[in-house]
Amino acid sequence: MKMSSCKIPLAAKVAVTVFLAILVPVYLHTYGPTNFLWFCDAALILTTAGIWLESSLLISMCAVGILLPQCLWLADFGINLLGFHFLNLTSYMFNPHLPLFTRGLSLFHGWLPLLLVWLLFRLGYDKRALFAWTVMAMGLVCICYFFTPPAGARLANPNIPINLNYLYGFNDQQPQHWVNQNIYVVLWLGVLWFRRHFVVE
């Protein structure tokens, strides 16, 4: 899909960049650097780069990687607002010990999917995206599994993220007990890889 040069308005590029410039130091101070290993945070950074480079590959990678998970985040957030519990993906948004401004920054989970859809219309979809995101996601999974705290970890700073990318199940209080944890992660990696063969691009 070919379009004229300068496919993305400068105002959009600047707005996303300013937001990221605010979010990064706040998140570093509150959560520490490992927080950027979350798929959604990595996608926000990649999206910002993709906007400036007007790269359909980077934008498409983020779209195939997080559109569905972000819909789950929004559903979980909405259900929590109503006073019920679903997957507990957004419980931190209701943590009174976190500053409201910091929690407010996490609302990017709501507008990022819409931005990505708009960017796909502007730049087109790159069919290499699913493979590229899969490789990157598998790398993040390995880093998170070997170098970040598991579910149930008790840390001096309670804001440091644990159970990154839900490698120990959806309960941050304790690891899943369905199967051996190493097998669980291998299966998780398998889902990421074999998804390539079942998604029509």
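1. Basis of the note. This is a predicted model, in which local features need pLDDT of at least 70 and side-chain atom pairs count only at pLDDT 80 or more, while totals for chains, interfaces and linings use all residues. Residues are numbered from 1 along each chain as its sequence is written, and side-chain values use heavy atoms, with hydrogens and water left out.

2. Helices here are DSSP runs (H or I, at least four residues), numbered from the N terminus. The 16 residues of helix 5 should span 22 Å at 1.5 Å a residue, and this agrees with the 21 Å between its end C-alpha atoms; the expected span is 1.5 Å times one less than the number of residues. Among the buried residues of helix 5 are Phe 108, His 109, Gly 110, Leu 112 and Pro 113, where buried means under 20% relative accessible area with a 1.4 Å probe and protein chains only. The cover over the buried residues of helix 5 includes helix 1 (10–31), helix 2, helix 3 (56–81) and helix 4 (100–105). Gly 124, which follows helix 5, has a positive phi near 85°.

3. Helix 2 against helix 5. The axes of helix 2 (residues 39–53) and helix 5 (residues 108–123) come within 11 Å and cross at roughly 40°, axes being lines fitted to C-alpha atoms, for helices over the stretch in contact, with angles from 0 to 180 degrees between N-to-C directions. That makes helix 2 oblique to helix 5, since angles under 35 degrees count as roughly parallel, over 145 as roughly antiparallel, 65 to 115 as roughly perpendicular and the rest as oblique. The crossing of helix 2 and helix 5 is left-handed (the near helix is turned anticlockwise from the far one by less than a right angle). In the contact (heavy atoms within 4.5 Å), residues of helix 2 including Leu 44 and Ile 51 meet residues of helix 5 including Trp 111 and Leu 115. The residues of this contact divide into nine nonpolar, two polar and one charged, with Ala, Val, Leu, Ile, Met, Phe, Trp, Tyr, Cys and Pro counted as nonpolar, Asp, Glu, Lys and Arg as charged, and the others, Gly among them, as polar.

4. Helix 3 against helix 5. Helix 3 and helix 5 pack at an angle of about 145°, with their axes 9 Å apart, and the crossing is left-handed. The residues of this contact comprise 14 nonpolar, five polar and no charged. Ala 63, found in helix 3, counts as buried at 5% relative accessibility, and it touches Leu 116 and Leu 120 when residues up to four places away in sequence are not counted.

5. Helix 2 against helix 6. Helix 2 and helix 6 (residues 129–147) pack at about 130°, with axes 11 Å apart, which makes helix 2 oblique to helix 6. Phe 39, Ala 42, Ala 43 and Leu 46 of helix 2 make the contact with Trp 133, Met 136, Ala 137, Leu 140 and Val 141 of helix 6, and by class the contact has nine nonpolar, no polar and no charged residues.

6. Backbone angles to inspect. Glu 54, in the loop between helix 2 and helix 3, has a positive phi of about 50° although it is not a glycine, and Glu 54 is buried, with a relative accessible area of 18%. Asn 165, in the loop between helix 6 and helix 7 (181–194), has a positive phi of about 55° although it is not a glycine, and Asn 165 counts as buried at 4% relative accessibility.

Note on methods:
Helix = DSSP H or I, 4+ residues; strand = E, 2+ residues; numbered from the N terminus. Buried < 20%, exposed > 50% of the residue type's maximum accessible area, 1.4 Å probe, protein only.
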